[in-house]
Amino acid sequence: MIEESVVELPAIPFLDLVTTHAELEEALVDVFRSALKGAAFVGGPQVENFEREFAAFCGSGHAVGVASGTDALRFALMAAGVQPGDAVVTVPNTFIATTEAISQAGAQPEFVDIDERTYTMDPQRLRSYLEQECTRDSSGRAISRRSRRPVRAVVPVHLYGLMADMDPILELAAGHGLQVVEDACQAHGAEYFSQQEQRWRSAGSMGRAAAFSFYPGKNLGACGEAGAVTTADDRIAWHCRMLRDHGQSKKYFHDIEGYNGRLDAIQAGILRVKLGRLEEWNNQRRECARRYNALLASAHDLVVAPPAPARATSVYHLYVIRVRGRDRLQAELARAGISTQIHYPTPLHLQKAYADLGYRAGDFPVAESVAAEILSLPMYPGLTPSQQDRVVSRVIAALSPLDAHGGSLALLSRS
Ligand SMILES: *Cc1c(COP(=O)(O)O)cnc(C)c1O
């Protein structure tokens, strides 16, 4: 009798931040050495050079380096004119930093639902929010019926690396006098084909301003915390430079009260090294996504693959599938040593932190049903074809009622 050998396969991490940094170790350590030599730790030429290079990468006039993506969003909103007492519209299926920044700018977040196919802001819902859930004041400004606040801005979130449908959002915003601030924290290098302009535009170049995060796990990540605002508007760039540095127009001359929200020189130097690799890494992510798509094609009745609309190219910050029985699938994968995550399990309007906004379950049905079924599979440059084979065969085995191992059918019918 042949004993079935039980081979312990190595675990597949959700994200591998070790290998990419090991490859760059010399260049990264050099950044630290030269910072020590000049004792230049905050601001200075590294920051200015990074800002110039990142602005060029985004096809935007300016980039302003700040301490985090959350600071970038808050400064961008404030510089775009969001004031205490305003309302700012965004989507419920995003990281809480989006709405934290809105609240920290003194405004109240309000939500519109997402497009079921792209998981990004549904322009039709934005239209009906503006036309049916708002009244107009004498100057024609939209006033939210729910909060009686003037609606000052809209924050589309380029979720998972895919840009929101910007043409109709920009058109609606222009028609209602709203500022558009892109949350591009997951979309470094993503592109969108503007029908309006008949050309491709990069994330961070379409709104009045945009916010990027360089948190380590993002497509472009620092070795610590960092972020940037991009904008074509000189005045907004100047305003963000003041906000990040205690409102100073020059040293110890404070035109406004600001924040301590500057970018470290060491992080800027690290980001310059890594920016040189970003296009290659984004291409590797796209290649991984193509492989996942091909492997999952046979299970298209069980697994919804990520959207790939012709109007945009995703940079696959995350590879998110949609399935019935998500929690069981995640547990099955964990048992097989495959790490996954959920981005995000609870939409913001149902979070305890926002209980006082008065939303209820059922208010944003698309965001709610999507949140119950999404699962982010391992995705990073360097994920290998054989790792992807293993992930997908486990996914299909766990979901298929005809699973030869017998476990899945029982598993699926147990709940
Ligand atoms: C990461 C992220 C942020 C916040 O960035 P931090 O650098 O962590 O402050 C904001 N919005 C979205 C969608 C993000 O993914």
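**Helix packing and backbone details**

Analyst: Helix 3 passes helix 9 in a left-handed crossing, where left-handed means that the near helix is turned anticlockwise from the far one by less than a right angle, and right-handed that it is turned clockwise. This is a predicted model, in which local features need pLDDT of at least 70 and side-chain atom pairs count only at pLDDT 80 or more, while totals for chains, interfaces and linings use all residues. Residues are numbered from 1 along each chain as its sequence is written, and side-chain values use heavy atoms, with hydrogens and water left out.

User: At what angle do the axes of helix 3 and helix 9 cross?

Analyst: They cross at roughly 30 degrees and come within 8 Å; axes here are lines fitted to C-alpha atoms, for helices over the stretch in contact, and angles run from 0 to 180 degrees between N-to-C directions. Helix 3 and helix 9 are therefore roughly parallel to each other (under 35 degrees counts as roughly parallel, over 145 as roughly antiparallel, 65 to 115 as roughly perpendicular and the rest as oblique). The contact, meaning heavy atoms within 4.5 Å, involves residues of helix 3 including V47, F50, F54 and F57, and residues of helix 9 including A268, G269, L271 and L275.

User: Which residues of helix 3 are buried?

Analyst: V47, F50, E51, F54, A55 and C58 are buried in helix 3, with buried meaning under 20% relative accessible area, exposed over 50%, and partly exposed in between (1.4 Å probe, protein chains only). These residues sit on the same side of helix 3 because they cover an arc of only 130 degrees around the axis, the arc being that of the directions from the helix axis to the C-beta atoms. On the other side, P45, R52 and A56 are exposed.

User: What do the buried residues of helix 3 pack against?

Analyst: Their partners are strand 1 (62-66), strand 9 (199-202), strand 10 (209-213), strand 11 (227-231), helix 8 (234-244) and helix 9 (265-296). Helices (H or I, at least four residues) and strands (E, at least two) are DSSP runs, numbered from the N terminus.

User: And how does helix 2 cross helix 9?

Analyst: Helix 2 (residues 25-38) and helix 9 have axes that come within 9 Å and cross at roughly 150 degrees, which makes helix 2 roughly antiparallel to helix 9. The crossing of helix 2 over helix 9 is right-handed, and the contact is made by A27, L28, V31, F32 and A35 of helix 2 together with I266, G269, I270 and V273 of helix 9.

User: Switching to the backbone, which residues does the cis peptide bond join?

Analyst: The cis peptide bond joins H343 and Y344, with omega about 10 degrees, and Y344 is found in the loop between helix 10 (326-335) and helix 11 (365-371).

User: What about phi at A39 and Y252?

Analyst: A39 has a positive phi of about 50 degrees although it is not a glycine, and A39 lies in the loop between helix 2 and helix 3. Y252, also a residue other than glycine, has a positive phi near 65 degrees; Y252 lies in the loop between strand 12 (248-250) and strand 13 (253-254).

User: Is Y252 buried or exposed?

Analyst: Y252 is exposed, with a relative accessible area of 62%.
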